[in-house]
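Please read this briefing alongside the sequence and the structure.

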Amino acid sequence: MTPHSYIACRAVIVAVFLVFVLLIGLGLSDRGPLDGLSTQLTDRLFDWSYRHLLWPDRS
Amino acid sequence: MTSRVSAAGLEFYDWMSYVALGVLIIVAVSLLLALGGAGVILVRSFVTHVNTVTPETYRDERRGTRDLKPGEFPADLAYPAYPRRQLRADAEAIKANYTLVSGELWHWPRDAFLEGRHGPQLLWWMAFPIPLVGLGMQPLLQALLGILVLLMLLAAGIVRVVGSLAFWVVVCVLRTADAVWARSRGAAASCPRCYHVSERPAYTCPGCHRLHRDIRSGRLGAFARRCRCGHLLPATVIRAAWALEARCQRCEEPLRRGAAVLRDVRIPIFGDPNSGKSRFLYAGLNSLYGTAGRSNMEYAFVDAGSQAAAESGFELIRMAQDTVKTTEDLPRALTVRIGAEPTGALVHLFDAAGERFRRPEAHDEMGFLDQGQCFVFVIDPFSVGQLRARLSQTEASVLVAHPAVGDPESTYGEVVTRIRSGGIKGKHQRLAVVVSKADLLERSGADVPNGSDALAEWLYDLGLHNIVLGARRDFAEVRYYAVASVDPSTVGLARDPGAPLRWLLSSRGVRLEERADTVLATAAEGER
């Protein structure tokens, strides 16, 4: 019988992990502490695509 | 011209919107699959395929780190605290399961579409007509899964750092509490059989009866530990002393309840055969029993052996009968708890047959002399040559006294030499020199002085000057008592057999002061 503290500690790890996922998810939808994350990412992605994929000659 | 460009632009934007939609679908599906994969990794790592570090594995790992010193024991068989070892195993499991799931995400579509290992191959092509898109989203899926696993490891790392910090703070506080308590109380775990004294005893698991040698808060648990058998044990000596059975670290004999938490006082009694050691022991304890009762202090014999011995001894003292000759076996400590748990004291009294003190070869077995903090040396005045010569006219009273056999000076010398040859310094040890049978001596017409200094001078004049001079040098403090080993209600305070024990106990922090007015008031109440 493994200690109950193991289960509790694993639950804490999962909880912290889910908080990270939630924060990133909220950030991607421009909410929460990471507000602006999606704008940053999409801007950079489109900028990169524009420069390197669509019109490399105009970059 | 303008309208033609606009139409081309519109077509371009229509085309781009389809591409964007496709990309969005791929991202969404990849994200869902990555989240599902992360869930699988967590479930496999924490629920279904847990890699638990067993107590045996942990002990072997610990054993490999350094060699054991003499007297040390391997780590106890209990599950390690989560931040100390299991968290590392869980992080390794996450990485291993990530490799497994990631590989499966690569291999599964290939096996389904190309190898036909997951059902009819054609069905998969009909259900997902664009497998290339599926294969194409693999990099994104793998990247997202990798990010999620990194987040998992980051979460585990945070728990490890914060958890370890909190864990060690708790361990330090609890260990300090254990150590401060033991130091301030003068607590120790002393064995009544082999006389070994350790800072803390071993404790028996109630589930599997396995011994836990070091129950303190530590790598196996801060507040509690889980034994190999699954039983939960408290992880501090202060708590374990009341919840578990304590055993000697050396011979594994059960120790007294409260060992290593209650104040521990060890008093060896030595003297010649027939000098009245056992009688003094029971009469002294009987007197302490009365003192404790008047002071409303708890007074209890904590084991069956001590209880039975004390009951029979008390009865003999109260009935004014002779005590039985002590056997020549090695003595077991007679232990009494004075005061309530957890602030009372365990007082261990060792009474060996006088013959043992006269045989130098038997000294090695008497480890209780090495562990003694206070000593009682019993002198039978009827065995002192000069006094016997004076009392020769009253031979009958000498015979009633059953004079001791032997020379007190040689017994004292042999015992003290044995104690000091073991490297034990006497600077913290007290000695009570007890002149026994004072009532018989007075009855025979001898004048027995009162007071420690007067008694010392009296013994000096009787030819025991080597004892008087040597005791001052050998011990931190010496006092002399003339006692009548009878029920204290029949003799005055001056001959009270409890007085030497009370003085010795007071040096170890056990206050049992007998006040003359209290005794007189109690006696007056009895008379009314």
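In chain B of this predicted model, strands in the order S4-S3-S7 form an open sheet of three strands with antiparallel pairing. Strands S4 (211-212) and S7 (245-247) of chain B are at the edges and have a single partner strand each, so one side of each lacks a neighbour in the sheet. Strands (E, at least two residues) and helices (H or I, at least four) are DSSP runs, numbered from the N terminus, and two strands pair if DSSP finds at least two bridges between them.

**Pairing within the sheet**
- Strand S3 (residues 202-204) of chain B runs antiparallel to S7(B), and three bridges join them.
- Ala202(B) has Arg247(B) as its bridge partner in S7(B).

**Helix H18 of chain B**
- Nine of the ten residues of H18 (498-507) in chain B are buried (under 20% relative accessible area, 1.4 Å probe, protein chains only).
- Among the buried residues of H18(B) are Pro500(B), Arg502(B) and Trp503(B).

**Chain A**
- Chain A contains two helices and zero strands.
- Of its 59 residues, 19% count as buried in chain A.

**Conventions**
- Residues are numbered from 1 along each chain as its sequence is written, and chains are lettered from A, with ligands numbered from 1, in the order in which they are written.
- Local features need pLDDT of at least 70, side-chain atom pairs count only at pLDDT 80 or more, and totals for chains, interfaces and linings use all residues, while side-chain values use heavy atoms, leaving out hydrogens and water.

Terms used: Buried < 20%, exposed > 50% of the residue type's maximum accessible area, 1.4 Å probe, protein only.
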